[in-house]
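Okay everyone, thanks for coming.

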Amino acid sequence: ADKGIQTSEDHRFYGISAALDKSITSEAGKDLVIQYSVKHEQKLDCGGAYIKLLPGGKKFDADSFGGDTPYAVMFGPDICGSSNKKTHVILHSFNKDENLEIKKNVNTETDDLTHLYTLVIRPDNTLEVFIDNKSVRAGKLEDEFEFLVPKEIKDPDAKKPDDWVDDKKIPDPDDKKPDGFDDIPK
């Protein structure tokens, strides 16, 4: 029952797809686990080996599937050049209607060995990423992604009053010593 894809040419797009038997949301209270292995058999210059889970409720059309097709989760390694080597962890925010990438970079393996990639999203709103069964990132979703709108929004019309003073210390003109202060011996 295992399925895989072996690519034969560089700089080409390849893909396979399959419908899920159940909706992800129908498994409330259970971990969502995405796990698969990747082996780059040739020196990879630029390419990704990631999985995209599409949102439910829409009929999937494999012929029109492409980079702009909306997805709920994108996970897996991506290598392009010598400086861009990471494991994508991207979740779709339905509040913002945009894809949000994990804040901190998750490294990826770049050799020609087989590596096991695992993403676990738990019902307590935490996630953990494993590469070869070793945890490489874990945290709360709210800390790892920019799901929430900022608690304070800067007012573009806010400005200092005309008589604003930027000095750190300002003498108080009403300041005076208490009665009898000078009578106390040092």
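Before anything else, one term: I'll call a residue exposed when its relative accessible area is over 50%, buried when that figure is under 20%, and partly exposed in between. With that in hand, look towards aspartate 182 and lysine 177: both of them are exposed. Their side chains also meet in a salt bridge, at 3.3 Å from N to O.

Now, a word of caution: what you're looking at is a predicted model. How confident is the predictor? The mean pLDDT of the chain is 83, with 92% of the residues reaching 70 or more. Where is confidence highest, and where is it lowest? Strand β8, residues 126-131, comes out highest at 96, while β2 is lowest, at a mean of 79.

Okay, the overall layout. We've got nine strands and one helix in this chain. Starting from the N terminus, the order goes β-β-β-β-β-β-β-β-β-α. And the chain is more spread out than a compact globule, because its radius of gyration is 27 Å, well over the 16 Å that the globule rule gives for 186 residues. If you box up the C-alpha atoms along the principal axes, you get roughly 95 × 40 × 35 Å.

How much of it is buried? Of the 186 residues, 24% count as buried. The chain exposes about 15000 Å², and 49% of that is supplied by carbon and sulfur atoms. As for contacts, take those between residues at least 6 apart in sequence: 46% of them join residues at least 24 apart.

Let's go back to salt bridges. The count comes to five. One of them joins the side chains of lysine 103 and glutamate 146, at 3.3 Å, N to O. That pair links distant parts of the chain: lysine 103 is in the loop between β6 (98-101) and β7 (114-121), glutamate 146 is in the segment after α1 (141-144), and they're 43 residues apart. Lysine 103 has 44% relative accessibility, so it counts as partly exposed. Glutamate 146, at 45%, counts as partly exposed too.

Another salt bridge brings together the side chains of lysine 160 and aspartate 166, at 2.9 Å from N to O. Are these two buried or exposed? Lysine 160 sits at 48%, so it's partly exposed. Aspartate 166 is at 58%, so that one counts as exposed.

Next stop, histidine 40. You'll find it in the loop between β1 (32-39) and β2 (46-48). Why do we call histidine 40 buried? Because its relative accessibility is 15%, and the cut-off for buried is under 20%. Which residues does histidine 40 touch, if we skip those up to four places away in sequence? They're Ala49, Ile79, Asp111, Asp112 and Leu113. And have a look at threonine 110: it's 70 residues from histidine 40 along the chain, yet their C-alpha atoms are separated by 7.8 Å.

Last one, the surface. Ile5, Tyr14 and Ile16 form a nonpolar patch there, with about 300 Å² of accessible area together. Isoleucine 5 is in the segment before β1. At 45% relative accessibility, isoleucine 5 counts as partly exposed.

Terms used:
Residues are numbered from 1 along each chain as its sequence is written. This is a predicted model: local features need pLDDT of at least 70, side-chain atom pairs count only at pLDDT 80 or more; totals for chains, interfaces and linings use all residues. Side-chain values use heavy atoms; hydrogens and water are left out. Helices (H or I, at least four residues) and strands (E, at least two) are DSSP runs, numbered from the N terminus. Buried means under 20% relative accessible area, exposed over 50%, partly exposed in between (1.4 Å probe, protein chains only). Contact means heavy atoms within 4.5 Å. Patches are made of residues with over 30% relative accessible area and no salt bridge: like charges are joined within 9 Å, nonpolar side chains (Val, Leu, Ile, Met, Phe, Trp, Tyr) within 5 Å. Accessible areas come from the Shrake-Rupley method with a 1.4 Å probe; for residues, only the protein chains shown count as cover. A salt bridge is a side-chain nitrogen of Lys or Arg within 4 Å of a carboxyl oxygen of Asp or Glu. pLDDT is the predictor's confidence in each residue, from 0 to 100. The radius of gyration is taken over C-alpha atoms; the globule rule is 2.2 Å times the number of residues to the power 0.38.
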